[in-house]
Amino acid sequence: MPEPWLSADDIAEHLGVTKDTVYAWIADKGMPAHKVGRLWKFQASEVDVWVRSGGSSVGGAA
C-alpha cells in the first residue's frame, strides 16, 4: 500500500511545529515537498529523513 500524501497541516502536526514554520523550511531549508496545484503535499518518510539529516536545524544543511 503506498504511503499517503500529507497536507501542510498534517506534516506540521507530525513534526510538532506551526504551518508557518513548514512553509519557511520549504523556502529556506529545502524541506522535501511537492506542489500539487496550489497545495503543498508531503510524504512523512521523506520529511523524517530530511529532519534526521539535520535539514531543520538552525543554520541547517544549505
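Among contacts in the chain (heavy atoms within 4.5 Å) between residues at least 6 apart in sequence, 48% join residues at least 24 apart. Please keep in mind that this is a predicted model, in which local features need pLDDT of at least 70 and side-chain atom pairs count only at pLDDT 80 or more, while totals for chains, interfaces and linings use all residues. Residues are numbered from 1 along each chain as its sequence is written, and side-chain values use heavy atoms, with hydrogens and water left out.

**Overall layout**
- The chain has 3 helices and 2 strands; helices (H or I, at least four residues) and strands (E, at least two) are DSSP runs, numbered from the N terminus.
- The C-alpha trace spans about 35 × 25 × 20 Å along its principal axes.
- A compact globule of 62 residues would have a radius of gyration near 11 Å, and the chain agrees because its own value is 11 Å. This radius is taken over C-alpha atoms, and the globule rule is 2.2 Å times the number of residues to the power 0.38.

**Helix H1**
- Look at H1, residues 8-15, where Ala8, Ile11 and Ala12 are buried; buried means under 20% relative accessible area, with a 1.4 Å probe and protein chains only.
- Seen down the axis of H1, the buried residues fall within an arc of 105°, so they line one face of the helix. The arc is that of the directions from the helix axis to the C-beta atoms.
- These buried residues pack against helix H2 (19-29), strand E2 (39-41) and helix H3 (44-52).
- After H1 comes Gly16, which has a positive phi, near 75°.

**The nonpolar core**
- The largest nonpolar core has 13 residues. Such a core is a set of buried Ala, Val, Leu, Ile, Met, Phe, Trp, Tyr and Cys residues joined through side-chain atoms within 4.5 Å.
- Leu6, Ile11, Val22, Ile26, Met31, Phe42 and Val47 have the most contacts inside this core.
- H1, H2 and H3 are the elements that give two or more residues to this core.
- Leaving aside neighbours within four places in sequence, Leu6 is in contact with Ile11, Trp40, Lys41, Phe42 and Ala44.

**From the record**
- An unreviewed UniProt entry lists residues 5-53 as "domain: Helix-turn-helix"; such annotations may be inferred rather than shown by experiment.
- Over residues 5-53, the chain is 57% helix and 12% strand, and the end C-alpha atoms are 21 Å apart.

Conventions: Buried means under 20% relative accessible area, exposed over 50%, partly exposed in between (1.4 Å probe, protein chains only).
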